[in-house]
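Please work through the exercises below with the sequence and the coordinates at hand. Each task is followed by a stepwise solution.

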Amino acid sequence: RVRGKLFWCYCYSCTETENNTVKMNLYRFLVLVFLSIGVFVSANQIAGPTQSCFSEFQKFGTDGCTRRVEEDDGSYTQEAVPEIKNMDFCVSGPTYGPAKQGSFGKSKTYVASADFKMIDLGKYSKSYGFLGFAFNMIDTKNYDIAYVRPHAKAYCWELGYVENGLLFGRDYGTCEVPTRGEFNVAISVQKGKGELYVNGAKVTTFNPYFPTINKVATALRNNMEAKMNVRNLEVCQEMNCVSRNKAGETVVTKPLDSYQDAGMSKCEACTCQLYGQIKCGCRSAEEQGISCTGGKIAATGHDCCARCVPASATCSASGDPHYRTFDGRPFDFMGYCTYCLAKTIDWEVREKNYQTGSASVNEYCQVLFDGDMVEMNGNLRHTP
C-alpha cells in the first residue's frame, strides 16, 4: 500500500520481433504490481495548505436503507439492506458538530476523500457495485453523486445527481489506474466548480447540480444487497475566524493569518488557527518598543503590555493584617475572607484571615502549583 505517491510505469514499444515476448511479460508484471499495491491519495494532499482535514467524526447519519458497522481497525462497513423503492442509493455520512480535530461545520469549499472496497457482491455476483460519494447533500434523497464501477471499462467512473431518490446520469469515463480491490475516490469543490479524482488521478472537472455545501456521505447502490468497506474518510475545508473591529464591522481572517478584534489589547498578538480557533500571546517588549535601564527589566501584566520593573521584588501579608505590595507600597485591610496575593499561569498564593474582636488576623497561607496545594500556618511544610 503506497499512500501519497503516484507511480507511473510505461512499457515502451519495440521494433524487434524477438522482444515481443519480453514486452508482454513486462506488461503483465506491471499490471500485477498495480493490482497488488494500489495507488491512494488522501484529501489533505488535494486540499490547500490552509485547509483543515477532519478524519475522526463523533456522529454519523444514515438513511433508511443503510446498515453501518464500525470495525476495530477504524474503518466501517456499509450495507444496503433492505431494498427500498424510489431510492437508488444508500448513504451514510458524518454530521456537523464536534470532531476530534475541532468543530466540523458548514463550508462551500471542501475536499472529501475515502478508500473503498467491495466485500460482498450481493445478488448480482458479476457486479462490483456502484460505490462512491454523495455530496452537496440537501437531504438523503437530493445530492450530487460520483461513484466507481470497478468491473467496467468504458464506464469505470460515473458522475450524476440524485433527485427525489432517483439517479440521473451526466458524465462517465475510464480509469487510468486499476480499481479492482481497494481504491480511492476524492471530490474537490472549489469556487463552485468540482473535480473528481480516482486513485489520485484527476478524471474530470464538472459543474455541480446542487448548491455547493460540505455535506457528504459514502454511497452504495441500492437493490443489490451488497456490502462495502470504507477507510480513511476525510473532509478538508477552510475554516476562517470571524470577529468585529472597533467600528463594529465584521472581519474574516483566513487560517494562519494574524487575527484582530475590538476586545484585544494593543499588546496582544493573535493568530487564526486551522480549525477556526484563535491562539493569542503577548507581544515581546521589543515589539512594543519597551527598553529598560537602571537595572530594571521588562515584564508583562495581565493586559500583555510590557513595563519596566525591578529585577526582583517581594510582597508580604502579616499581622492583623499588614500588606506590602511588590512595588513596596504598604496598606492594611481588615477583611475576613480568603484573598489572592499573587497569581500566574502556573501558580497562585492565597491567604485567609479570621476575625478577632474588631480586627482580622492572618490564619494561614495556601500555595497552589500545577494542581497541588500546600497550606502553611506557621509551620514549615514540604511538598510530596
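The model is predicted, with local features requiring pLDDT of at least 70 and side-chain atom pairs counting only at pLDDT 80 or more, while totals for chains, interfaces and linings use all residues. Residues are numbered from 1 along each chain as its sequence is written, and side-chain values use heavy atoms, with hydrogens and water left out.

**Exercise 1.** Determine the secondary structure content of the protein and the share of its residues that count as buried.

Solution. Step 1: helices (H or I, at least four residues) and strands (E, at least two) are taken as DSSP runs, numbered from the N terminus. Step 2: this gives three helices and 33 strands. Step 3: buried means under 20% relative accessible area, exposed over 50%, and partly exposed in between, with a 1.4 Å probe and protein chains only. Of the 384 residues, 38% count as buried. Step 4: a contact requires heavy atoms within 4.5 Å. Among contacts with a separation of 6 or more, 53% involve residues 24 or more positions apart.

**Exercise 2.** Explain why strand β7 is described as largely enclosed, and identify its pairing partners.

Solution. Step 1: β7 spans residues 89-94, and six of its six residues are buried, so the strand is largely enclosed by the rest of the structure. Step 2: in a regular strand, side chains alternate between the two faces of the sheet. In β7, F89, V91 and G93 lie on one side and C90, S92 and P94 on the other, and both faces are covered. Step 3: strands pair if DSSP finds at least two bridges between them. β4 (residues 60-62) pairs with β7 in the antiparallel sense over three bridges, with G61 opposite G93. β18 (residues 217-221) is also antiparallel to β7, over four bridges, and T218 is the bridge partner of S92.

**Exercise 3.** Describe the largest nonpolar core and the surroundings of F135.

Solution. Step 1: a nonpolar core is a set of buried Ala, Val, Leu, Ile, Met, Phe, Trp, Tyr and Cys residues joined through side-chain atoms within 4.5 Å. Step 2: the largest such core has 39 residues, and F116, F133, F135 and L196 touch the most other members. Strand β10 (residues 110-120) gives the most to this core, with five residues. Step 3: a second, separate core of eleven residues includes V91, A134, Y143 and Y147. Step 4: leaving aside residues up to four places away in sequence, F135 has contacts that include Y110, Y143, L159 and F206.

**Exercise 4.** Is A43 buried or exposed, and which residues does it touch?

Solution. Step 1: A43 belongs to helix α2 (residues 43-46). Step 2: its relative accessibility is 0%, so A43 counts as buried. Step 3: beyond residues up to four places away in sequence, A43 touches V111, A112, S113, E234 and C236.

**Exercise 5.** Characterise the lining of the largest pocket.

Solution. Step 1: the lining has 18 residues, of which A299, T300, G301, H302 and K343 lie nearest the pocket centre. Step 2: a pocket is defined on a 1 Å grid over the protein atoms alone as an open set of points where a 1.4 Å probe fits, with protein on both sides within 12 Å along at least five of seven lines; lining residues have an atom within 4 Å of a point. Step 3: β25 (296-300), β26 (306-310) and β30 (338-343) each supply at least two lining residues.
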